[in-house]
Amino acid sequence: MTMPRQESSPSDEISSDPATDLEIRLLSDCFINRALRKADGNILGDRIIKVTFKNALQPSAIEVIRKQILSFNPCISHYRIEEAPRAFYLPGSLTIKSMYQNLIQKHLIEGLDYSLYQKQLQKMNIKFTSLGSDVCPSCFSYKQHRHTRINRNCIKCQEYTAHTNFYRQARFYYHIDRKKKQSSTDAYLTADLQKFLLLPVLANHTQIAARTKRLICFNQTFVPLGRATMAVPNVCILWHEGEAGRGDSEIASAFIEGLKSYNGIEHITLWLDNHAGQNKNWTLYNAMAHIINTNIVSLKKLTLKYLTPSHTFMTANPVHAAIERKIRISSNLEVFQDLENIISKSGRNTHVRSLKYTNFYKWEKRPPIDERTANSDHLTTARVIQFVRGESKIYWKTDFTAEKFHCSEFLLKHRGARARKGILGAVLTQPRGINLVKREEIITKLGYLMRKRSFKFWTNISAKIGIVNLAVADDD
Ligand SMILES: [Zn+2]
Ligand SMILES: [Zn+2]
């Protein structure tokens with residue numbers, strides 16, 4: 001995956017026409033960093049280049065804006081939405097207003113106002129990690145077409161009706177589970193991977209931090225449908241890209257750690273986003289079929305239920321919002337432990353567990369069963385999946401209202417026997433590491449803004465040449 005392509009270099013468009021009435025200060029990335037390193041925001045005396053624009057927002061002006069937006073290092077989302085184009089995200093600590101002000105302090109662009117700047121962000125498919133920014137592609141495409149009321153003869157309207165029935169049904173059953181009593185044996189939870197968190201967070205230097213490629217941290221959160229209690233707490237499983245990536249094997253391993261945290265509970269129902277890369281794949285099912293047959297967890301039955309993509313507001317969302325809020329008002333978060341501390345203080349009964357690379361198993365992507373019985377339709381149409389202790393089967397329903405489950409052999413016998421002995425397979429033998437250039441950049445650009453004792457954390461992070469930057473590409 002590459003970043004949004006830059007069509008041309010800003011300098012391609014520059015005219016030297018002295019009759020211009022518009023001036024643009026074009027700053028190279030290197031210059032911006034140098035200027036910001038002075039940390040006083042004083043950029044007067046920059047190189048000033050005169051540009052002629054016949055109309056507002058000529059391509060060269062757009063290129064200046066694009067370059068400025070890209071300098072904030074937008075990252076890809078943690079999942080792929082097949083129905084929607086790939087979106088890029090900026091951390092919730094930034095605002096469009098602060099970015100716009102940053103631009104107009106340095107560049108005088110005729111015709112540019114706040115709304116045009118906002119539009120450019122939209123065009124580049126850049127969103128903020130604050131909640132509610134995801135738009136449902138099906139609902140969006142319905143709203144774009146010509147019927148304002150459902151027309152039964154129109155295919156688009158028919159699709160939309162089916163879509164609304166689909167998500168309302170899931171929502172209905174979610175609320176039924178929400179009303180059920182959590183107990184020491186039965187828990188109803190939601191689980192979701194928080195949009196990326198970045199380290200370090202430097203409260204008084206947000207702009208320079210935002211312009212540096214930082215360490216990506218992950219938080220796979222488990223939250224009860226009701227209120228978090230001592231018996232059924234919120235559980236945040238944390239790790240960072242220096243230890244492991246965010247492929248389906250890593251997510252499945254985080255699920256295992258989450259389930260281990262609910263010791264004593266015999267039946268867990270997990271409500272999940274319907275995202276294939278994250279929550280609905282053979283890797284995760286493989287891991288779940290194994291774990292339920294071990295004594296590592298107390299589970300006798302595990303049920304996974306799926307909400308419709310983009311209609312997935314669930315209890316994990318306010319927990320993530322509370323974490324983002326805490327981070328926004330925090331002073332510096334310089335090392336991973338600072339992040340752990342702030343997350344554990346983000347809500348009552350919130351437990352944090354951090355993972356090292358040795359906690360990550362190498363799960364197989366394909367189910368270990370005969371291809372003839374591997375019905376890939378489970379993945380696309382299943383709305384409920386279930387695993388039962390002592391069984392090597394996978395159970396599924398394609399409709400919440402169905403009384404009976406379908407079932408299929410899933411684990412090979414010898415694998416089931418190994419699982420019962422608590423053998424889950426191989427773990428990672430070394431940390432994933434981050435790109436050496438990125439680590440050096442963090443240390444040289446941001447190191448002097450941090451406490452001395454934070455240095456050890458940064459110099460200890462495993463770093464290698466040529467490691468893919470998780471910010472712009474998936475690692476699996
Ligand atoms: Zn929708
Ligand atoms: Zn229509």
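**View 1. Ile265 in the loop between helix 8 and strand 10.** Ile265 is found in the loop that joins helix 8 (248-260) to strand 10 (267-272), as seen here in a predicted model. Ile265 counts as buried because 21 C-beta neighbours lie inside 10 Å, where 20 or more are required. When neighbours within four places in sequence are left aside, the residues in contact with Ile265 are Ser184, Thr185, Ala187 and Ser298. Lys301 stands 36 residues from Ile265 in sequence, and the C-alpha atoms of Ile265 and Lys301 are 9.6 Å apart in space.

**View 2. The crossing of helix 2 with helix 4.** The axes of helix 2 (residues 59-70) and helix 4 (residues 114-123) come within 11 Å of each other and cross at roughly 65°, which means that helix 2 is roughly perpendicular to helix 4. The crossing in which helix 2 passes helix 4 is right-handed. Helix 2 contributes Ile62, Ile65, Arg66 and Ile69 to the contact, while helix 4 contributes Tyr117, Gln120 and Leu121. Sorted by class, the residues of this contact between helix 2 and helix 4 are five nonpolar, one polar and one charged.

**View 3. Helix 10 and its buried residues.** Helix 10, which spans residues 282-291, is mostly covered, with 10 of its 10 residues buried.

Terms used. Residues numbered from 1 in each chain as written. Chains lettered and ligands numbered in written order. Predicted model: local features only at pLDDT ≥ 70, side-chain atom pairs only at ≥ 80, totals over all residues. Buried ≥ 20, exposed ≤ 12 C-beta atoms within 10 Å, placed from the backbone. Helix = DSSP H or I, 4+ residues; strand = E, 2+ residues; numbered from the N terminus. Contact = placed C-beta atoms within 7 Å. Axes fitted to C-alpha atoms, helices over the stretch in contact; angles between N-to-C directions. Parallel < 35°, antiparallel > 145°, perpendicular 65-115°, else oblique. Left-handed = near helix turned anticlockwise from the far one by under 90°. Nonpolar A, V, L, I, M, F, W, Y, C, P; charged D, E, K, R; others polar.
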